[in-house]
2 protein chains.
Amino acid sequence: MRLSQSFIPTMKEIPSEAQIPSHQLMLRAGMIRKLSSGVYEFLPLGYMVLKKVEQIIREEMNAAGAQELLLPALHPKELWEETGRWEIYGEEMMKVIDRNKRQFGLGPTHEEVITDLVRKEVKSYRQLPVILYQFQTKFRDEIRPRFGIMRGREFIMKDCYSFDKDEAGLKINYQKMVQAYKNIFTRCGFDFRMVQADSGNIGGNLSHEFMVLANTGEEAIYYCDACQVTMKAKEPEGAAAETIEKQLCPSCQKEMKYSRVIEVGHTFNLGTKYSAKMNATYLDEKGESQPYIMGCYGIGVSRIVAAAIEQSHDANGIIWPKQISPYQAIVLPLDVTNEQVKNTAEDLYARLKGQGIEVLLDDRDERAGVKFKDADLIGIPVKVVVSTRGLAEGKIEIKLRQTGEVFKLSVAEALSKITELIQV
Amino acid sequence: MRLSQSFIPTMKEIPSEAQIPSHQLMLRAGMIRKLSSGVYEFLPLGYMVLKKVEQIIREEMNAAGAQELLLPALHPKELWEETGRWEIYGEEMMKVIDRNKRQFGLGPTHEEVITDLVRKEVKSYRQLPVILYQFQTKFRDEIRPRFGIMRGREFIMKDCYSFDKDEAGLKINYQKMVQAYKNIFTRCGFDFRMVQADSGNIGGNLSHEFMVLANTGEEAIYYCDACQVTMKAKEPEGAAAETIEKQLCPSCQKEMKYSRVIEVGHTFNLGTKYSAKMNATYLDEKGESQPYIMGCYGIGVSRIVAAAIEQSHDANGIIWPKQISPYQAIVLPLDVTNEQVKNTAEDLYARLKGQGIEVLLDDRDERAGVKFKDADLIGIPVKVVVSTRGLAEGKIEIKLRQTGEVFKLSVAEALSKITELIQV
């Protein structure tokens, strides 16, 4: 893609509305814009990252045996009354009344809808287990939307639901999903921890949260990697530390660390919470009616994009982990009025594209400083600098966003080096 | 994918709620289920087709220079009041009131939102043209939702918007989009015609509809391919024919055909309809403020899936065009209790998957009749039949869903034949 033709409206100033780095940088890098409180537009650069995250999740969910579908956003009130959650969710669920005066909720989560689907279609133990998931826009009327897409009112979630005939089956599928989540967050480049958690509005007996370590997280954990122990910190640092220390073995206490965290995933052992209330049953081996044993597994897809930035940025901008970077490389001709610089950059750009590399070409007639600033701001891992001075020596400069490492190479050497750097 | 583990709930009976073939077959093939009037769930098989259609559209839109983004579904009332469409859309737009008593519409289309975004970011003629598009769930409270996903209240659209500095620019981009649409509908396997149309609620000076020929269409056209003339039929067949014949040259009249049609795409020359009302301007070469010249381009993504079935099915089920078939081939071991049949089928399945072919294995312990019926119902182009009788002769049977053509081949020959058949 040519930057001159791209809709990537970068900003120099830090927008006053944004308090945390990811919110500031997503606005400044032209990734998102605000339409209304907690309601954001994903611009092309932001959407590319979102799609990359989505694809990583999709691959791992499919590999774990889950099947993708798409459920509606409009949920009939009657379905939510079956579980009592029409009342429980209250104002957090946005409501629509249609032209025939029927009431709908805009789905903040999909347990009722998926349980309704499965109870109509899965009648026998022979059809179990079933694991279904979707990527979908969720609506939650947060009291205090904040931090950009981190806590929005309209956001993208991957939600997954498992249906088993018994606890043993659920245990197997729950473990599969936990492993899939670990794979996903590792592939996204996260430093994360898994921790036992409260089940909140979703409910069930047991749940785990997946927490990305970040200075600006809204929650906090204590963890000891040596002992593989992680616990949520419910109170301010000092007080909670004492409480938690008492529960840990002495060797752990020395290694224990405190960190603010961002929740990016949540797995729930739901048991029969929904199936019992909704009379969602199958016939077992003896022909007897039994409620499904359910699990549910959510990932905040849009939140992952923000969390990645919280975890990886510097004073100059975003530093994308390779797997979710919108582009793999950016070619920077420092002086497009110099024919040799322009042609060399165009040639490199064409060759990299030809090799299937996702590459940006900053073909704008802008000063070198502007180009470097924008490249650092949007955080592309590999910068390829073509300059008059470099070409005089027959060299091109490759600069890594993360480490600042520089390679000066001939054009021919540069091509294979870029490919190598991208694949590492 | 193994059919035994797939969530593909097929049905033998024709559901009484469905009147047209696509609706009947999507329900019977386990592609969709109804949640509420005009609100449907896409099950895994239906979702796979939807994703294939989406990918074809994405490739052609990107090739035409459009950039993908994602706009919100929640639209502030104030924005729609700028164009007067809050009143005009009336009950067709679903409304939400949030906990702070602010009013939102659920986006039935996105002219206001995209124009608001572009007016904030594009200030100079140097930044034009810009072409932006998205795939998104739209909400329209239809008076009479019908025909399954053909006319739903919640559905998937690809909507695209172009912003130019002058009419000449719009003309170029409009033509690019028309060509992209022709490519898309050709790749989807459609027999379609383009016809000049009314602009309705979207408005503007000039618009074109892309119509798929189908017996069950809600609209109708007269067309003559020899003269390359297509006209919408507004009255019942007879009356309209006379009117239209008068407008056509004599050679055309002989060749003129009548057909019912399904609208799958619509392109609009909007001119300054939205930009003028919303004060959405750029500075031209002289530093003077000018409204953008806009175009908008929609495709009913979910409707395409239904239209494809309307155009291609028989008494036994769906006949997928290869490009949008959920799977490319299905392997049918006719007797899974026969070890040789089972092993040969498993081996074929593994090899086809290894070659990157999207293949289903009907590993269920079901009668041959059930397997053939389901394979025909879900419409997979290439059936690979492994039977005791066939293997006695050292043969496998390849049967094409569309033509009924049969090939009896050895396992080794079968593999290359299947690859060949899929690629044609």
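The following legends describe close-up views of a predicted model. Residues are numbered from 1 along each chain as its sequence is written, and chains are lettered from A and ligands numbered from 1 in the order in which they are written.

**View 1. Overall build of chain A.** Chain A contains 14 helices and 23 strands; helices (H or I, at least four residues) and strands (E, at least two) are DSSP runs numbered from the N terminus. Along the principal axes, its C-alpha atoms fill a box of roughly 80 × 60 × 45 Å. Of the 424 residues in chain A, 49% are buried, that is, have 20 or more other C-beta atoms within 10 Å of their own, with C-beta atoms placed from the backbone.

**View 2. The two domains of chain A.** Domain 1 spans 3-314 and domain 2 spans 327-423, with bounds from an automatic or database domain assignment. Their C-alpha centres lie 38 Å apart. Seven residues of domain 1 of chain A are in contact with eight residues of domain 2 of chain A, contact meaning that C-beta atoms, placed from the backbone, lie within 7 Å. On the domain 1 side, four of the touching residues are nonpolar, two polar and one charged. Here Ala, Val, Leu, Ile, Met, Phe, Trp, Tyr, Cys and Pro count as nonpolar, Asp, Glu, Lys and Arg as charged, and the others, Gly among them, as polar.

**View 3. The contact between chains A and B.** Chain A and chain B each contribute 37 residues. Elements giving two or more residues on the chain A side include helix H2 (44-63), helix H5 (111-121) and strand E7 (130-139) of chain A. The largest share of this side, four residues, comes from E2(A). By class, the chain A side comprises 23 nonpolar, four polar and 10 charged residues.

**View 4. A five-strand sheet in chain B.** The open sheet has the order E20-E19-E21-E22-E23 (chain B) with mixed pairing, where two strands pair if DSSP finds at least two bridges between them. Strand E20 (359-361) and strand E23 (406-409) of chain B stand at the edges with a single partner strand each, so one side of each is left without a neighbour in the sheet. The twist averages 20° from one strand to the next; axes are lines fitted to C-alpha atoms, for helices over the stretch in contact, and angles run from 0 to 180 degrees between N-to-C directions.

**View 5. Strand E19 of chain B and its surroundings.** Strand E19 (residues 329-333) of chain B pairs with E20(B) in the parallel sense over three bridges. B:Val331 has B:Leu361 as its bridge partner in E20(B). Helix H11 (residues 339-354) of chain B packs on the sheet, touching E19, E20 and strand E21 (382-386) of chain B, and its direction makes about 165° with that of E19(B).

Terms used: Predicted model: local features only at pLDDT ≥ 70, side-chain atom pairs only at ≥ 80, totals over all residues. Buried ≥ 20, exposed ≤ 12 C-beta atoms within 10 Å, placed from the backbone. Contact = placed C-beta atoms within 7 Å.
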